[in-house]
Amino acid sequence: MFRLLIIFGLITTSCWSESVSDLPPLLPRDQEIALAESAGPAGIAKNATIYVLERGMGYTIALKGTNGFACFVHRDRADTLEPECFDPEGVQSLMQPEIDRAKHREQGMSPEQADAKIDNGFASGLYRVPRRTAITYMLSTKNKVFNGKSVIDYPPHIMISAPYVKNEDIGADFKDPSMPWVLNEGSPRAYIMVVV
């Protein structure tokens with residue numbers, strides 16, 4: 001019986017290790033809070049609700065704010081860091097899918113499974129697009145984003161919600177890095193990206 005318990009313990013430990021191996025590493029709490037706050041303008045971030053990532057749970061509130069804004073460090077991959085600060089409309093619409101995606105990943109879903117669940121959530125009405133233009137600040141100088149090929153440093157920028165908009169709709173010119181372009185084009189989570 002004792003041997004069975006040891007074997008079971010080794011199997012469950014091995015399974016846990018495999019399921020979290022591709023998850024983002026946790027940051028020291030004070031470092032994650034400071035990084036989250038660096039996403040927004042100082043006057044906004046100091047009164048925003050701040051979320052931190054916790055293993056097995058996803059994002060939880062570390063500091064309760066008073067102005068309706070919320071900030072956290074978005075991490076799709078183990079090697080990315082994307083501090084974001086949502087305005088009140090973004091908190092009520094676009095932030096929840098990101099929070100839920102992280103929770104799904106913490107519960108063992110693959111990135112593809114989590115993305116499919118979020119897409120289904122928009123299709124079913126669980127999530128909604130913004131009722132007005134929403135702004136997500138990413139003003140940190142420590143943005144590490146995956147560009148589809150590798151993780152790169154990305155300059156401070158703002159993201160303006162633009163559900164279903166495509167790059168051709170705004171005449172995006174990828175030869176000029178100062179020009180706006182659309183992230184997640186054609187989807188309910190599309191944003192016009194503006195480097196500041």
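**Cavity and disulfide**

Mentor: Helix α5 (residues 95–106) gives the most to the lining of the largest cavity, with five residues; helices here are DSSP runs of H or I with at least four residues, and strands are runs of E with at least two, numbered from the N terminus. This is a predicted model, in which local features need pLDDT of at least 70 and side-chain atom pairs pLDDT 80 or more, while totals for chains, interfaces and linings use all residues. Residues are numbered from 1 along each chain as its sequence is written, and side-chain values use heavy atoms, without hydrogens and water.

Trainee: How much space lies in the largest cavity?

Mentor: A cavity is a set of points, on a 1 Å grid over the protein atoms alone, where a 1.4 Å probe fits but cannot get out, and lining residues have an atom within 4 Å of a point. Points are joined across faces, edges and corners, and the volume is the space filled by probe spheres set on them. The whole structure has one cavity of 30 Å³ or more, and the space in the largest cavity is about 100 Å³.

Trainee: Which residues does the disulfide join?

Mentor: A disulfide is counted when two cysteine sulfur atoms lie within 2.5 Å, and a search of the whole structure finds one. One partner lies in strand β3 (residues 70–74) and the other in strand β4 (residues 82–86), so the pair ties together parts that are 14 residues apart in sequence. With an S to S distance of 2.3 Å, the residues joined are C71 and C85.

How values were computed: On a 1 Å grid over the protein atoms alone, a cavity is a set of points where a 1.4 Å probe fits but cannot get out, and a pocket is an open set with protein on both sides within 12 Å along at least five of seven lines; lining residues have an atom within 4 Å of a point.
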